[in-house]
Amino acid sequence: MITAYRHSNNKKQNIQANKSLEGDLRGMGYGFFRVEGHWQECQDQNVPYDKCPKEKLVDSTETTFFVPNIQKEQIHSLCKKYEQDAVIYGDKDSDAHLVFTNVFSITILKY
């Protein structure tokens with residue numbers, strides 16, 4: 001699951017960023033489902049996400065894409081390109097987990 005939304009962007013910028021992400025996904029040959037995503041963004045860009053103080057985290061609701069069969073390396077690359085803190089990734093061999101921009105993989109969610 002991935003989005004291009006950023007809390008620091010306005011609505012128009014977020015819609016445009018997601019259109020660009022849609023184009024990238026289609027260009028890679030992937031389809032997707034739109035879902036409502038939720039995240040807490042750190043408002044201090046100089047602090048790594050995992051070190052962000054709770055008072056700097058702001059809730060964000062965003063249009064997110066569930067992309068079946070995307071490869072881990074591809075979603076990680078898109079995560080970096082769209083300046084996301086993390087994406088949710090899982091495949092037939094692993095549980096769903098967060099893939100952070102600055103760390104290739106940390107398993108913290110299991111279903």
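Which strand gives the most to the lining of the second largest pocket? Before I answer, please keep in mind that what we are looking at is a predicted model. The answer is strand E3, residues 86-91, which contributes four residues to that lining.

Staying with this pocket for a moment, the space in it comes to about 280 Å³, and of the 15 residues that line it, those closest to the centre are Val 67, Asn 69, Tyr 89, Gly 90 and Asp 91. Sorted by class, the lining holds 10 nonpolar residues, together with three polar and two charged ones.

Let me turn now to the charged pairs. Side chains of opposite charge can pair when their charged atoms come close, and a search of the whole structure finds six salt bridges.

One of them joins Glu 41 to Arg 6, with 3.6 Å between the closest N and O atoms. This pair links distant parts of the chain, since Glu 41 sits in strand E1 (residues 33-42) while Arg 6 belongs to the segment before helix H1, 35 residues apart. Both Glu 41 and Arg 6 are buried.

In another, Arg 34 pairs with Glu 22, the closest N and O atoms being 3.1 Å apart. Arg 34 lies in strand E1 and Glu 22 in helix H1, so this bridge ties together parts that are 12 residues apart in sequence. Arg 34 is exposed, at 51% relative accessible area, whereas Glu 22 is buried, at 12%.

Finally, salt bridges with shared partners join Arg 6, Glu 41 and Asp 85 into one network.

Note on methods:
Residues are numbered from 1 along each chain as its sequence is written. This is a predicted model: local features need pLDDT of at least 70, side-chain atom pairs count only at pLDDT 80 or more; totals for chains, interfaces and linings use all residues. Side-chain values use heavy atoms; hydrogens and water are left out. On a 1 Å grid over the protein atoms alone, a cavity is a set of points where a 1.4 Å probe fits but cannot get out, and a pocket is an open set with protein on both sides within 12 Å along at least five of seven lines; lining residues have an atom within 4 Å of a point. Grid points are joined across faces, edges and corners, and a volume is the space filled by probe spheres set on the points. Helices (H or I, at least four residues) and strands (E, at least two) are DSSP runs, numbered from the N terminus. Ala, Val, Leu, Ile, Met, Phe, Trp, Tyr, Cys and Pro count as nonpolar, Asp, Glu, Lys and Arg as charged, and the others, Gly among them, as polar. A salt bridge is a side-chain nitrogen of Lys or Arg within 4 Å of a carboxyl oxygen of Asp or Glu. Buried means under 20% relative accessible area, exposed over 50%, partly exposed in between (1.4 Å probe, protein chains only).
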